[in-house]
Amino acid sequence: MNLVLSLTNVNEAEWIDRLRALLPNRKIESWKNGVSDPEKVDYLFAWKPDPDVFAALPNLKVIFSLGAGVDHLTSLPQLPHLPLVRIVDADLTSRMTEWVVFQTLFHHRDHLMYAAQQEASVWKDHKQPAAKEVRVGVLGLGELGLSSAKALKSLGFDVAGWSRTPKNVLGVQSFFGDSHLDDFLKRTDILINLLPSTPATQKLVNAERLALLPQSGALGGPVYINAGRGATQDEAAIDAALTSGQLKGASLDVFEVEPLPQTSPLWKHKNCIITPHVAAPSDPQALSEYVARQIKRFEQGEPLENLVDLEVGY
Ligand code: NDP
Ligand code: OXD
C-alpha cells in the first residue's frame with residue numbers, strides 16, 4: 001500500500017508532507033531519494049517522471065498524474081498498461097476558467113491598445129462591440145473547456161465548442177469530429193484551445209486552419225488563446241499570422257518547447273500575451289485530497305474516477 005512520487009520541476013516535499021498527513025500509516029517516498037521496498041509499492045504519483053521508475057516498481061497497481069494532462073506519461077514507451085488517473089478537481093477547473101476568461105476579456109476589451117495609449121498619455125475612446133456580437137469557439141469541451149465555455153456564455157458571448165463526441169449544453173453550440181472543424185473555425189472570432197496532446201491533435205492549429213478564422217468579426221480580426229498543450233499548435237504558423245496581421249492577437253500559456261526558448265519570435269509580438277504554463281497550476285493543498293480519496297476508493301473496491309482512455313490518449 002506504499003506510494004512513490006516521481007515529480008520533475010515540482011516542489012516534491014510539499015506534496016509528500018500533505019499526502020503523509022492524509023494517508024498516515026503508509027510509506028510515502030520520493031523516487032529520487034531512493035525507494036526502500038520497491039516490491040511493496042502499489043501507487044505512483046507522477047509528473048514528467050523518470051522513465052526508469054516503472055520497471056523498478058514491479059507491483060504497481062495505479063498511476064496518478066499530478067496534472068489534468070497525461071501526455072507526460074502517454075508519450076513514454078515505458079508506461080505500463082495500468083489504470084491511469086488524471087486530476088479533475090474544482091480547484092484546478094476554476095483556476096483555468098479564471099485564466100481563460102481573463103485572457104478573453106483582455107482581447108475583447110482591447111486592453112493592449114489602451115495600455116499603449118496610457119504609455120503615450122492619450123485619452124481616446126474606441127468603439128466596443130457587445131459580448132453577444134463576439135463568437136467564441138472552444139477547442140475541447142471537456143472538464144476545463146466546458147467550464148470556460150459556460151463562464152463565457154454567462155458573460156454574454158456567443159459560444160460554441162468542438163469536441164470528439166457531440167455535446168448537449170444549453171446555449172453552447174456543439175461541433176464535433178474532424179468533419180465539423182472547418183465550420184466551427186469559420187464562425188469563430190476568439191479561438192480558445194483546451195485540447196489535450198494526443199496523436200490526433202498534434203499541430204492541429206496550423207496555418208490552414210488559422211486562415212479559416214473570419215477577418216470580418218466584431219473585433220476586427222481573430223484572436224487565438226491556448227492553455228491546453230503547445231504540441232497542438234504550429235508556432236511558426238502563429239508567428240506568421242501575428243506578423244501578417246491575420247491574427248489580431250494571441251494569449252499563449254503553453255508551447256511546443258517549454259520553457260519557451262529565448263530565440264522564439266513569439267516573445268517579440270506586442271499583441272501576443274505569454275504566460276509560463278501557469279494557467280491552472282496543480283495545488284498540493286487542494287489536490288492531495290483528490291489523490292488520497294482515489295486511493296481510498298480503490299482500496300474499498302470502488303471504481304477509480306477520471307481514468308484515462310489509453311487508446312485515445314486522454
Ligand atoms: P478532458 O479530457 O476533460 O477534455 C478534453 C476535450 O478535448 C474533450 O472535450 C475531448 O472530446 C476533446 N478532444 C480530445 N481529442 C479530440 C479530438 N481528436 N478531436 C476533437 N476533440 C477532442 O481534459 P481537460 O479539459 O481536463 O484538460 C484539457 C487539457 O488542458 C489537458 O489535457 C492539459 O493538456 C491542459 N491543461 C493545461 C493546464 C495549464 O496550466 N496550462 C492545466 C491543466 C490542464 P470529448 O469530450 O468528445 O471526449
Ligand atoms: C496539467 C498542467 O496538465 O498543469 O495539469 O499542464
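A residue is taken as buried when its relative accessible area is under 20%, as exposed when that area is over 50%, and as partly exposed in between. In this predicted model, R95 has a relative accessibility of 27% and therefore counts as partly exposed.

One partner of R95 is D91, whose side chain meets that of R95 in a salt bridge with an N to O distance of 2.7 Å. Both R95 and D91 belong to helix α4, which spans residues 90–108, and they are placed 4 residues apart, about one turn of the helix. A further salt bridge joins R95 to D283, with the closest N and O atoms 4.0 Å apart. This second pair links distant parts of the chain, since R95 is in helix α4 whereas D283 is in the loop between β12 and α10, 188 residues away. Taken together, D91, R95 and D283 form a linked network of salt bridges.

The structure as a whole contains 14 salt bridges. Among them is the pair formed by the side chains of R297 and E305, for which the N to O distance is 3.7 Å. With a relative accessible area of 29%, E305 falls between the two cut-offs and is therefore partly exposed.

The loop between β12 (272–274) and α10 (284–299) also holds T275. This residue has a relative accessibility of 14%, which is under the 20% limit, so T275 counts as buried. The side chain of T275 makes a polar contact with the side chain of D253, at a distance of 2.7 Å.

With regard to annotation, the unreviewed UniProt entry places the feature "domain: D-isomer specific 2-hydroxyacid dehydrogenase NAD-binding" at residues 105–279.

Conventions:
Residues are numbered from 1 along each chain as its sequence is written. Chains are lettered from A and ligands numbered from 1 in the order in which they are written. This is a predicted model: local features need pLDDT of at least 70, side-chain atom pairs count only at pLDDT 80 or more; totals for chains, interfaces and linings use all residues. Side-chain values use heavy atoms; hydrogens and water are left out. UniProt positions are given in the numbering used here, feature names are shortened, and annotations may be inferred rather than shown by experiment. Helices (H or I, at least four residues) and strands (E, at least two) are DSSP runs, numbered from the N terminus. Buried means under 20% relative accessible area, exposed over 50%, partly exposed in between (1.4 Å probe, protein chains only). A polar contact is a pair of N or O atoms within 3.5 Å; within protein, one must be able to donate a hydrogen and the other to accept it, and residues adjacent in sequence count only if both atoms are side-chain atoms.
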